[in-house]
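Please keep the sequence and the structure in view while reading.

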Amino acid sequence: MPRIKTSWLTPAAASARCHAVHVRLPHGADAELMGRTLDEAVGAWWGEDTGCKLPRLWHERVLADRAAGGDRVRAETTRALHPRDEAFRAVLLEFADGQAELVLVAHRDRLDTESLRLVANVLTGRSRHEEMHAVEPDDRGEAREETLQEWRAAKCAAGLDWAAGEDGAGERSGQFAVELRAGAADLGARLAVAAAIVLARFEDQDRPLLGVLRNQRDRPAGALGAFDTVTLLAPDLSGAVNTVGLLARAGEALAGRDGRCGAGQYADLVLGAGGGVVVGILEGIGDELSYADGLLYTACQTAPFPLTIVPGRTAAGAPQLIVHHRLREVGEESAKRFARHVAFVYEQLSNTTGQLTPGDLGLLDEEEARRTAELGVPAAPLVWTPERIDAAFAARAAERPDAVAVTYEGRTLTYAELEGRAARCAAALRAGGIGAGERVGICLERSLELVVAMLAVLKADCVYVPMDPAYPTDRLAYTAEDAGLRAVVTTLGTFPGTAGMWCVRPEELEARGEDLGTAPEDVKPTRAPEEAAYVIYTSGSTGRPKGVVVPHRNVVALLAATRDDFGLGPDDTWTLFHSCAFDFSVWEVWGALLTGARLVVVPFWVSRSPEEFHALMLTERVTVLNQTPSAFAQLMDADRRSGEQLAVRLVVFGGETLDARPLATWFDRYPEDRCRVVNMFGITETTVHVTAQTVTRREALCGSRSVGAALPGWHLYVLDERRRPVPCGAPGEIYVGGEGLALEYLGRSDLTRERFVPDPFSGGRMYRSGDRGRLLPDGRLEHLGRLDSQVKVRGFRIELDEIRTVLLEAPDVTAAAVVVEGGETGDAAQARITAYVVLLGTGGETEPVRQRAQSVLPSYMVPTSVIAVPALPLTANGKLDTRKLAEHAVVPAPPVPVDTTESPDGDRTDLAASLTSVWETLLGVPVGPDDNFFLLGGNSLLAVRLTAVMREQGMPPLQLRELYLHPTVTRLARVLESSRT
C-alpha cells in the first residue's frame, strides 16, 4: 500500500482526501465471520507492509432500527481517518431490526473507488480475496510542465472574490444537489467545459484552471491501490475555439495520459499546503456503484476543492450534481448560484448541435436574468418634482434671504445678495445678445464671482461651460470652439477664443446689469427643466475632449435623492474644493445652495496645502466635506499633526476608487456616530453620483470595495459583452440608467449612440460606463476599476490594483500608485513595474516595503522599484496624475547650514543660498535668484515637499501661499527673513 506524506495534514485536509462506501445488508451479517475474512484478506494483500496499523473490523450494535439509525451511518461515513493510524477503516453496524450496514472509509491516495468496491465484495461474500492483489500505481503519466505553470500562476491570480464565505465557518463544508436537465452522455467533457465557462465568467479569465479527479479507466482488473488520476484543464475560452472543439479537447484530455498526474501527485496538486485549484470535479468517481447492489458511495467527506462538483444520480436514477463547498471560502448562496449556472450551461452544451463560441452561452435563464437585472433598481422610488436649478435656488433665497450663501476669504454673500447679483448679470448677458439655450463659458478662479456667474448664466436661460484658468491655452481654445461659445466670463487678460466671441469680466457684466436697472423678476427663463444647464468637458480616449450636456432636472433629482438620507439642510457648511471644470464641483456648489447651506469657496493655493485647508475647515466650521481619496489622504495627515478636532459630520468620497483601509485612523479621531463617511460612485455622464455606501470601521478593516446601492431614481446593471446580466459576484461592465443620464455628448452623435444605448430591461436609455464592477446579492455594487486596467508584462496578465493593495498593507505606507514604465519602443524586456508610495515620517526608506511585497506576490508581480514620494500628484480635478509620479521621487537633500548673515556682495543671504540648493535638488535644474519655481517645473506637490524639507533643515516655516505669491528665491528669502525679525 503506498505511503503518503502526512506532516502537513490538518483534520480538514485529511477528511477532504477520504472517501467511503457503505453497503446495506437487509438480512444482517455475521460479524465474527466478516472479521476473520478481513484479517485473512489484509494479510494476503499487504502482509505487514502497510505503513500504518493493519485494519480490523469494528463492530457495533445499534439499539435503533435501520430507518432511525441513519444518523449513525452518516457519522461513520463522514468520520475521517488519519493515515498514521489506519490504512482504511471497516465498520459493521447491526441494527435492532436485524438489518446491517458495512461502512468502508479510505484515503483516496491509498485506495481508489474500485478498490473500495472490491474490498466490500470480499467482506460481504460476493468475491474471494484471492481474486484481488495489491498493486503500486504506475505514476508515469506526469502532468505537463506548462500545465503546472498555469496552475501555479492561477494559484496567485485566481481568487474567490465572487464567493462570499461565511464568517465563523471554520473547516466545515456544505453540501447540496442540483438537478441536471440533460442527458448524461459524454458527461465528463461537457461538465468540465460548462464549469470552465462559468469559472471564466466569475474570474474574468480566458483560460480558467480547474482540476478533474476521475477513475483510471485502464486500471488492472482486481488490483487494490490508488489509481484515481488528476487532470488539470485550462481550456481556451477566448472564442478562438468553438464549443464543439472545446468538448473534443476536454474529452481527449480526460481520456488520455498527457497532462495527467497519478495518485502520488494528487496531494501536492490539489490538497497540498496553500491549495490552488478553486473549482474541481470528481468525475466518474463511483459511477459503477449500483444502487441495485446496495452500495452507496461518498466521494469525499469534506470538499477537497473550495468548490467541488460530483456527478451523481438520484434514487430514481436521474442525473444530478452533488456539490461540496468549503463554507469559509464559498458560502451556501454563492455555491448554489455557481452550481445552478454550471447546470444551465451544461444543458445548453447538451442541446446544441451548432458550433457556438463560449460567449454565445448564457449563464442565466430568462427568469434569473430578470431578477438579477432588478437587483440594481432601488426598491424605493424617487419622489420629486423636476424643476430648474435657478428656480430651486430662488425658492431657497425666498425662504432665508438674509442667510449667508457663499463665503470667500472674509467676504460673504447672503442668499438675497447672490440672487440679486446673479439676476443683474443675467440681464446683462441677455442684453448683450446672448439668447436662450446658448452656451456661455466661465473661466474664473475660485471666488464669489465664480458662483455668481454660474447662477447668472442659468438665470439668463443659458448653458454654462466651466473652464479652469490653469488649463493650457490650446485646451481653452478647443473648448471655446467646440462648444460654440458666444460669450466667456473671465478675468484672463487674453482669452484664446474664436472671432466674434464676447469676453467680459464679471465686474463689467454686473455693472452693465446695474445700468439696465433690471429686477430679479424681470429675467424669466422659458426653457424646461429637461433642457441643458451645463456642459462639462472630460478627457477622451483619443485625446479629444468631449462635452457632456447635463439638464437642470438631473441636478435637482440628485439633491432629492440624497437630501433626507444625508440630512442636508441650512445648518450645514460645505466647501467648494474642486475646480469648476470637474463635475464634483456641481455637487459641491448646488448641493450647498439648493439645500440652504453655506458654501465656503476654497482658494486654489489653500486647496493645495493640506495644512492650510485644514485650518480653513477649522475656522469656517465646515460640516460637509467632499474629497477624492487621494486628496483626503493628505488631509488626514494634516489632521493628525494638528490635533484640533474638525466640525465635519459628513465626508463624501468620489472621483476615484476608494481603498477604505487607511480610514481606520480617521475613525479613531472621528467615530461613525459623529462623522458619517460615504463612498459614492459616479460619472460625469450620470450627473456626479450614482450610488452611496456608508463606510464604517468594519468596511475599513475588511478593505471593502463596495460603493453601495443605486440612489433612488438611478439604477444600474452589470452586463457582459453581449449586454446580458452577469450573475451576482461575477465581474462585468457597469451600465447606469435613470434620472441622472446626460442628454448627449455635444456635437458627437456617433459617440452618443455608442455610449448611451437602449435599456432593454426598463425602457429608455442607459449609459455604458466602461467601468468594471460586480453586483452583490443585496444590490450593492463593487467597483473594480476600468475595463482596461489590466496590463501585460512579459506575457503575464497583471492587475496593478492587486499590487497596490499589497503595498498599502505595509504598516508605513499611507498611499500608493503602481504603473508600468519602459517598453515604449516595443521592447517588452524593458517594461517594468514601478511603485510609488507615500510613507509615514520622512525617512524615505522603501526597501522594506519592496521586500514585504516580494514575500506576498509572485515574482512577476513584484515591483522592480519602489519609490517614495511626499504625496501622490493630483490632476486639477484631484485625481491621481500617473504622468507626474516620476517627477516627485524623494531625493534626500544634503544638509545645508542655515545662516542669515549678509554675504559679501550684500545682495544674497545664506538663506537664499540654502533655498537655491533645495530648489535645485527638488527640481533637478539650475536655479537662478529670479527664476520662478513653477516655471522651472515646480507644482503644488513639490511645493508641499519643499515645506517639509525646509522644516527638516531648520529653515523658517513656509506657508504655501507665500510661495505662490513670491515664487522666486530672492523674493521668498526676503519674505521669510522679514517674518523672523
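Which residues of α17 are buried? In this predicted model, the buried residues of α17 are Phe584, Ser585, Val586, Trp587, Glu588, Val589, Trp590, Gly591, Ala592 and Leu593. Ten of the ten residues of this helix are buried, so α17 is largely enclosed by the rest of the structure. The points below begin with aromatic rings, and then turn to helices, loops and cavities.

**Aromatic rings**

- The count of aromatic pairs in the model comes to 17.
- Phe566 and Trp587 are both buried.
- One aromatic cluster is formed by Phe632, Phe653, Trp666 and Tyr670.

**Charges over rings**

- Arg56 is placed over the face of Trp58, and the distance to the ring centre is 3.7 Å.
- Arg475 has its charged end over the ring of Tyr471, at 5.0 Å from the centre of that ring.

- Helix α20 covers residues 629–642 and has 14 residues.
- From its first C-alpha to its last, α20 reaches 20 Å, which is close to the 20 Å expected at 1.5 Å a residue.
- Eleven of the 14 residues of α20 are buried, and the helix is therefore largely enclosed by the rest of the structure.
- The buried residues of α20 are Pro629, Ser630, Ala631, Phe632, Ala633, Gln634, Leu635, Met636, Asp637, Ala638 and Asp639; among them, Phe632 also takes part in the aromatic cluster.
- Gly643 follows α20 and has a positive phi, near 85 degrees.
- Ala647 is located in the loop between α20 and β26 (650–653).
- With a relative accessible area of 22%, Ala647 is partly exposed, because this class lies between the limits of 20% and 50%.
- The C-alpha atoms of Ala647 and Arg674 are separated by 9.3 Å, and these residues are 27 residues apart along the chain.

- Most residues other than glycine have a negative phi.
- Asp461, by contrast, has a positive phi, near 65 degrees.
- The loop that holds Asp461 runs between α13 (448–459) and β18 (463–466).
- Asp461 counts as buried because its relative accessibility is 1%, and the class of buried residues requires a value under 20%.
- Thr687 likewise has a positive phi near 65 degrees and is a residue other than glycine.
- The position of Thr687 is in the loop between β27 (676–679) and β28 (691–695).
- Thr687 has a relative accessible area of 0% and is therefore buried.

**Two further helix residues**

- Met454 is part of helix α13.
- A relative accessible area of 3% means that Met454 is buried.
- Met454 and Ile442 are twelve residues apart along the chain, and their C-alpha atoms are separated by 7.4 Å.
- Cys702 belongs to helix α22 (residues 697–702).
- Is Cys702 buried or exposed? Its relative accessibility is 55%, so Cys702 counts as exposed, the limit for that class being over 50%.
- A distance of 7.2 Å separates the C-alpha atoms of Cys702 and Arg661, which are 41 residues apart along the chain.

**Cavities**

- The model has nine cavities of 30 Å³ or more.
- The second largest cavity has a volume of about 80 Å³.
- Which residues line the second largest cavity? The lining consists of Leu444, Glu445, Arg446, Leu450, Asp468, Pro469, Ser579, Cys580 and Phe604.
- Grouped by class, this lining has five nonpolar, one polar and three charged residues.

Note on methods. Residues numbered from 1 in each chain as written. Predicted model: local features only at pLDDT ≥ 70, side-chain atom pairs only at ≥ 80, totals over all residues. Heavy atoms only, no water. Phe/Tyr/Trp six-rings, centres within 6.5 Å; stacked < 30°, edge-to-face > 60°. Buried < 20%, exposed > 50% of the residue type's maximum accessible area, 1.4 Å probe, protein only. Lys NZ or Arg CZ within 6 Å of the ring centre and 35° of its normal. Helix = DSSP H or I, 4+ residues; strand = E, 2+ residues; numbered from the N terminus. Expected span 1.5 Å × (residues − 1). 1 Å grid on protein atoms, 1.4 Å probe; cavity = no way out; pocket = protein on both sides within 12 Å on 5 of 7 lines; lining within 4 Å. Points joined across faces, edges and corners; volume = space filled by probe spheres on them. Nonpolar A, V, L, I, M, F, W, Y, C, P; charged D, E, K, R; others polar.
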